Amino acid sequence: MSTAVAGTAVAGAGDLGRKLARANRAKQVTAFALLAPALLLMLLAFVWPIGALLTNAVHAPEFRDAVPKLAAWMEGWDGEALPDEAGFALVAEEFGRAFRDRSLPRASTRLNYERGGMRSLAMKTGRGAPRLAAPYRESLVALDPAWGDIATWRAIANASTWLTPRFVLQALDLQRVPGGGIQAVPPENRVYLDRLQVTFTISIVVTLVCAAIGYPMAYVMAMAGPNRGRLLFLLVLLPFWISLLVRTAAWVVLLQKEGIVNGALLALGIIDEPQQLIFNRFGVYVAMVHILLPFLVLPLYSVMKSIPRDHVRAAASLGATPASAFVTVYFPQTVPGLGAGCLLVFILSIGFYITPALVGGSRDQMLSSLIAENALGTANWGLASALALVLLCCVAVVYPVFGRYAGAKNLRLG
Amino acid sequence: MASPRPYRGPADRIGGGLVRAVAALGFVFMLAPILAVMPLSFNGGSYLSYPLQGVSWQWYAAVFAARPWMPALWNSVTIGAATTVLATVTGTLAAYGLSYTEFPGKRAIGALLISPMVVPIVITALAVYLAFAPFGLVNSFTGLVLAHTVLAVPFVVITVTATLHGFDRTMVRAAASLGAPPLVAFATVTLPLTAPGILSGAVFAFVTSFDDVVVALFLAGPEQFTVPRRMFNALRDKLDPSIVALAVFLVTISIFLLATIELLRWRSERLRSRP
């Protein structure tokens with residue numbers, strides 16, 4: 001009897017367990033169905049494009065696609081001496097064909113990244129190919145002596161691969177040494193590392209200045225009574241809501257040579273002649289701090305507001321002076337908020353583009369400007385993608401720290 | 001019992017004074033530039049400096065003239081509206097999905113939905129440009145709306161998730177126990193109670209689209225030029241008070257939106273604290 005009861009109970013429990021599992025599965029299916037539209041959108045318009053962009057940094061098949069036979073043949077070349085007649089014959093045949101089917105211009109752009117002047121050489125060769133005849137070595141060198149130069153062939157060999165380290169190397173101011181190996185470019189030719197350094201310098205200075213001004217602001221807001229605190233909160237929130245472009249425009253108007261700040265300083269007799277306040281580093285710092293300050297103050301304020309005031313009072317009752325109570329009791333509790341704010345400001349400033357473009361000089365342009373310039377200006381997609389890869393790596397290093405210390409929970413949006 | 005007044009040495013007094021002084025400077029620094037520039041939009045002359053040469057509405061007339069700002073404003077509003085609808089619907093559903101139950105990969109999906117906020121916008125813009133180009137979505141309304149939606153979804157997810165955190169699920173169970181099918185319970189209980197969060201998410205989505213310059217720089221053809229896109233050109237070209245008049249107009253919109261958000265927050269807090 002008792003066994004029978006126990007048996008039913010077990011069977012019932014198994015049944016219940018199955019039902020529970022089924023209900024849980026149904027809930028999970030519902031959750032995924034709710035997430036599906038957003039995930040689909042993210043996949044199509046964010047994840048896939050970013051993935052393709054990063055692939056672009058190392059994937060450059062234009063040349064190989066245009067002259068496949070030559071590219072395959074180049075894989076067997078040792079790179080030590082000029083190729084034999086077969087290589088020259090393939091150049092004549094493939095360049096001529098690529099010129100006729102119009103794939104040569106794109107391929108020669110790719111060649112030109114490997115070695116300056118290769119674009120015109122390739123186009124000239126393609127155009128002149130019908131008039132070339134065996135022996136091809138002699139007739140190609142006669143067409144252009146560059147065909148007798150081993151550097152030309154090395155450039156073709158480098159361009160013949162599907163994948164190329166060239167853009168990533170270029171973005172880090174590195175170059176390939178003929179015959180293998182990698183070295184830094186001479187300091188006078190450094191471009192991209194300098195931009196990276198400028199990007200980090202600006203981001204660090206902006207973060208520190210924001211922390212120095214923002215901490216007292218958040219502290220005063222947290223200590224004020226509810227009504228005054230709310231008012232101060234709105235004072236910080238309002239600029240946060242005003243378009244970045246409008247705020248940048250305000251600084252352009254204020255800081256220009258004939259602008260309000262120069263006018264006021266002249267009228268007060270502090271300066272004798274208008275100072276250059278904009279289109280230099282100073283202008284970038286001022287405008288960026290103004291735009292990013294709310295991102296530091298708001299998370300810090302929300303942390304400070306959650307700290308019970310009794311803690312500092314308890315410290316005072318134990319004989320701590322306000323300064324020592326602040327240092328030993330209050331400040332340590334605000335560190336998560338300060339960290340969240342600083343990391344947020346830092347991450348956002350690393351990617352700044354519009355503000356430096358409008359209020360900075362040419363020496364204050366950050367990595368983002370370089371990406372936009374290479375993409376929109378010279379259409380060097382490979383290099384733009386490689387620079388994007390470098391910038392994304394910088395963010396990827398900082399973001400997990402941000403996630404650990406702050407997370408989205410300290411990020412109140414208003 | 002009055003709390004004992006702690007001893008305040010010179011260091012405390014100087015420290016306290018310094019904190020208040022820096023904070024005061026900070027608050028002035030936040031607002032003064034915007035306030036200082038605004039009156040210039042009424043300048044009778046065409047200089048952007050004081051003293052004003054008479055007062056006039058001419059720059060506002062220039063902004064509200066048929067060209068070039070009105071078509072740009074129309075583009076901004078339509079692109080913003082489409083983005084708002086798309087981002088609010090997908091983002092709200094996603095936030096419900098994230099808070100509905102536990103499932104594997106939940107944290108990763110949450111992080112993915114937030115990630116467009118931290119990826120530098122130039123990278124997103126370039127990536128979308130290259131990916132959309134083969135499909136004819138560059139220089140198109142659709143392409144711009146899709147890219148803006150990607151940027152706006154994180155804001156909707158964050159605001160709606162925050163509202164759902166404070167949402168008492170026993171009320172949905174109560175509705176179910178009274179015989180309401182899930183969809184009815186959702187429409188009559190969950191939706192009204194989370195509406196303020198959804199609406200503020202929608203405002204954030206609109207602002208994200210309305211303020212964007214970088215994506216528009218990559219994806220907008222002259223037909224889709226938005227207000228910020230045109231303003232970016234104007235700031236690089238030449239400055240005249242019409243830019244400031246436009247800025248004043250945009251600031252007015254910002255104040256209106258901020259007031260909306262404040263109202264929604266107040267309403268959400270009241271809904272939540274109701275016994």
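Colleague: In which helix is the place of B:T84, and why is B:T84 called buried?

Modeller: In this predicted model, B:T84 belongs to helix α3 of chain B. B:T84 has a relative accessible area of 12%, and buried means under 20%, so the residue is called buried.

Colleague: What makes the approach of the B:T84 side chain to the backbone oxygen of B:G80 a polar contact?

Modeller: A polar atom of the B:T84 side chain lies 2.6 Å from that oxygen. The limit is 3.5 Å, so the pair qualifies as a polar contact. Apart from neighbours within four places in sequence, B:T84 is in contact with B:A202, B:A205 and B:F206.

Colleague: What does the side chain of B:T88 reach, and is B:T88 buried or exposed?

Modeller: The B:T88 side chain reaches the backbone oxygen of B:T84 at 2.4 Å. B:T88 is found in helix α3 (residues 69-100) of chain B. Its relative accessible area is 11%, which is under the 20% cut-off, so B:T88 is buried. Among its contacts beyond four places in sequence are B:V156, B:I198, B:A202 and B:A205. In general, residues three or four places apart in an α-helix point the same way, because there are 3.6 residues a turn.

Colleague: Why is A:F200 called partly exposed?

Modeller: The relative accessible area of A:F200 is 29%. A:F200 is found in helix α10 (residues 192-223) of chain A. With neighbours within four places set aside, A:F200 is in contact with A:F346 and A:C394. A:F200 and A:F346 are 146 residues apart in sequence, while their C-alpha atoms are 8.9 Å apart.

Colleague: Why does A:L111 count as buried?

Modeller: A:L111 has 1% relative accessibility, and buried requires a value under 20%, so the term applies. A:L111 is found in helix α5 (residues 104-114) of chain A. Its contacts beyond four places in sequence include A:F63, A:F95, A:M118, A:A122 and A:I156.

Colleague: How do you know that the peptide bond joining A:A134 and A:P135 is cis?

Modeller: The omega angle of that bond is about -5°, and the bond is cis. Most peptide bonds are trans. A:P135 lies in the loop between α6 (118-128) and α7 (136-143) of chain A.

Colleague: What makes the pairing of A:R230 and B:E262 a salt bridge?

Modeller: The two side chains meet with an N to O distance of 2.7 Å. The limit is 4 Å, between a side-chain nitrogen of Lys or Arg and a carboxyl oxygen of Asp or Glu, so the pair meets the definition. The count between chain A and chain B is 1 salt bridge. Helix α1 (residues 2-56) of chain A gives the most to the side of chain A that touches chain B, with 21 residues. By class, that side has 70 nonpolar, 11 polar and 5 charged residues.

Colleague: How many residues does the contact take from each chain, and what area do chain A and chain B bury between them?

Modeller: The contact takes 86 residues from chain A and 87 residues from chain B. About 7700 Å² is buried between the chains, 86% of it on carbon and sulfur atoms.

Notes: Residues are numbered from 1 along each chain as its sequence is written. Chains are lettered from A and ligands numbered from 1 in the order in which they are written. This is a predicted model: local features need pLDDT of at least 70, side-chain atom pairs count only at pLDDT 80 or more; totals for chains, interfaces and linings use all residues. Side-chain values use heavy atoms; hydrogens and water are left out. Contact means heavy atoms within 4.5 Å. Buried area is the accessible area (1.4 Å probe) that two parts lose on being put together, summed over both. Helices (H or I, at least four residues) and strands (E, at least two) are DSSP runs, numbered from the N terminus. Ala, Val, Leu, Ile, Met, Phe, Trp, Tyr, Cys and Pro count as nonpolar, Asp, Glu, Lys and Arg as charged, and the others, Gly among them, as polar. Buried means under 20% relative accessible area, exposed over 50%, partly exposed in between (1.4 Å probe, protein chains only). A polar contact is a pair of N or O atoms within 3.5 Å; within protein, one must be able to donate a hydrogen and the other to accept it, and residues adjacent in sequence count only if both atoms are side-chain atoms.
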